[in-house]
Amino acid sequence: MKNPLDAEADLRANLEAKLNILEANGVTVIDRRQTYLDEAVDESRICHGAVLYPGTRLVGARTFVGPGAKVGIEGPAVLENTMIGENTEVASGYLKEAVMLRNARVGSNAHVRVGTLLEEEASTAHAVGLKHTVLMSFVTMGSLINFCDGLISGGRSRREHTEVGSGFIHFNYTPRGQSGDKATPSLIGDVAHGVFLRQPRIFLGGLSGIIGPQRVGFGSFTIAGQVLRREVPANRVVGDVPRKVDRKFYASAEAPSRILKLNLQYIGQLTALQTWYREVRLPRIPASPQYGHIRVVTQAASELLSVCIDERVDRLREFLEERGLPIPSLSFANPACPLRIEPNSQYSDHIEWIMGLSHVEVEMGVSWLQSIADSGAPASWARSLTVNPRSTSPPRGCATSPARRGRPKDI
């Protein structure tokens with residue numbers, strides 16, 4: 001049996017060897033004494049030009065740090081099986097199984113968990129918690145925010161961006177039912193229009209919250225200091241007066257048809273976004289090693305969306321099973337992409353490429369993605385549901401194993 005002191009000395013030697021390799025590969029390690037890589041980390045996945053500030057901890061074989069990325073600018077930072085792209089910034093905090101694309105940034109004391117994707121130039125200020133949440137390009141969050149189980153889009157540029165004000169909470173749990181449920185994802189904007197960066201921005205006022213599941217349309221503005229309990233159409237200013245409630249609590253007194261409808265819409269939008277990655281974003285990246293770092297994080301984003309879809313399917317299945325409601329089998333359409341996608345030897349940045357699309361190309365792309373999002377289950381499912389409060393088991397014959405896009409997905 002190996003002496004514990006010898007084992008510790010081996011770990012130190014391995015760490016020093018890894019740090020030597022990083023510095024030889026052009027990675028800046030500000031203070032070797034305060035930088036840690038666990039044994040699983042592949043030092044070849046920490047790219048030339050990355051900067052590791054004091055207090056950086058890299059954990060897990062999947063961890064990837066792109067060229068020019070900066071980790072731990074404002075304090076200790078842990079990346080666990082997290083993949084961050086070119087010129088991203090992590091001020092401080094903990095990120096696990098998340099993906100950040102080019103120039104995305106999270107502020108100090110971040111708590112970013114599994115299933116979170118920040119697209120190009122999306123950002124948060126300090127003390128923001130995210131899980132199973134997608135911030136599409138340019139989306140900006142203030143400070144002291146908890147937003148789990150959501151997708152946010154809207155805006156056209158870094159200057160004209162969708163924003164969530166400081167002190168905002170997405171309430172993603174309801175106590176109704178036997179043990180509560182989390183069939184509560186909210187769509188702020190959408191995927192089919194949002195990916196083309198031509199929609200008006202959305203503003204969610206600070207010191208507020210949304211009771212999921214909800215939808216907020218493009219161009220809308222919700223006033224600070226309220227809790228939203230209803231869907232917000234596009235291009236509206238909404239302020240709901242606080243309400244007084246004092247009545248008997250009945251566990252099944254929700255509207256299951258509405259909850260099912262919003263969950264199916266959410267899963268459909270995630271499926272459309274994953275299709276966008278698979279058939280547009282990834283094929284545009286040349287096979288040249290020069291663009292390998294872009295392919296790595298883009299592929300990771302596509303895979304992460306599978307995690308998000310599976311989470312929503314599982315939560316919706318639990319909601320329906322508890323109420324003894326029929327469980328739809330989702331089978332998303334897979335129409336051919338109408339856009340001409342040809343990787344050039346010289347890669348054009350994704351945002352620049354998007355901005356260069358013609359009006360006709362954007363309209364074709366929107367129709368294509370929306371057809372995928374809408375194809376998952378017929379609207380009649382949501383309209384026909386009734387609750388049997390005495391039944392807590394699913395009807396016979398309903399399937400329970402999720403599948404990937406292009407095949408039936410059983411909830």
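Strand S13 (residues 110-112) and strand S16 run parallel and are joined by two bridges. Strands here are DSSP runs of type E with at least two residues, helices are H or I runs of at least four, and both are numbered from the N terminus; two strands count as paired if DSSP finds at least two bridges between them. The structure is a predicted model, in which local features need pLDDT of at least 70 and side-chain atom pairs count only at pLDDT 80 or more, while totals for chains, interfaces and linings use all residues. Residues are numbered from 1 along each chain as its sequence is written, and side-chain values use heavy atoms, with hydrogens and water left out.

With S18, the parallel pairing of S16 extends over seven bridges; Thr 133 stands opposite Gly 150 in S18. As for cover, eight of the eight residues of S16 (128-135) are buried, where buried means under 20% relative accessible area, exposed over 50%, and partly exposed in between (1.4 Å probe, protein chains only).

Turning to the aromatic side chains, a search of the whole structure finds five pairs. Rings of Phe, Tyr and Trp (its six-membered ring) pair if their centres lie within 6.5 Å, with planes under 30 degrees apart counted as stacked, over 60 as edge-to-face and the rest as tilted. Phe 147 and Phe 168 are stacked because their ring centres are 6.1 Å apart and their planes meet at 15°. Since Phe 147 lies in strand S18 (residues 145-152) and Phe 168 in the loop between strand S19 (163-164) and S20, this pair ties together parts that are 21 residues apart in sequence. Phe 147 is buried at 0% relative accessible area, and Phe 168 is buried at 1%.

Phe 196 and Trp 276 form an edge-to-face pair, 5.1 Å centre to centre with 75° between the planes. This pair links distant parts of the chain, 80 residues apart: Phe 196 sits in the loop between strands S21 (186-188) and S22 (203-204), and Trp 276 in helix H2 (residues 256-281). Phe 196 is buried, with a relative accessible area of 1%, and Trp 276 is buried, also with 1%. Together with Trp 353, Phe 196 and Trp 276 form one aromatic cluster.
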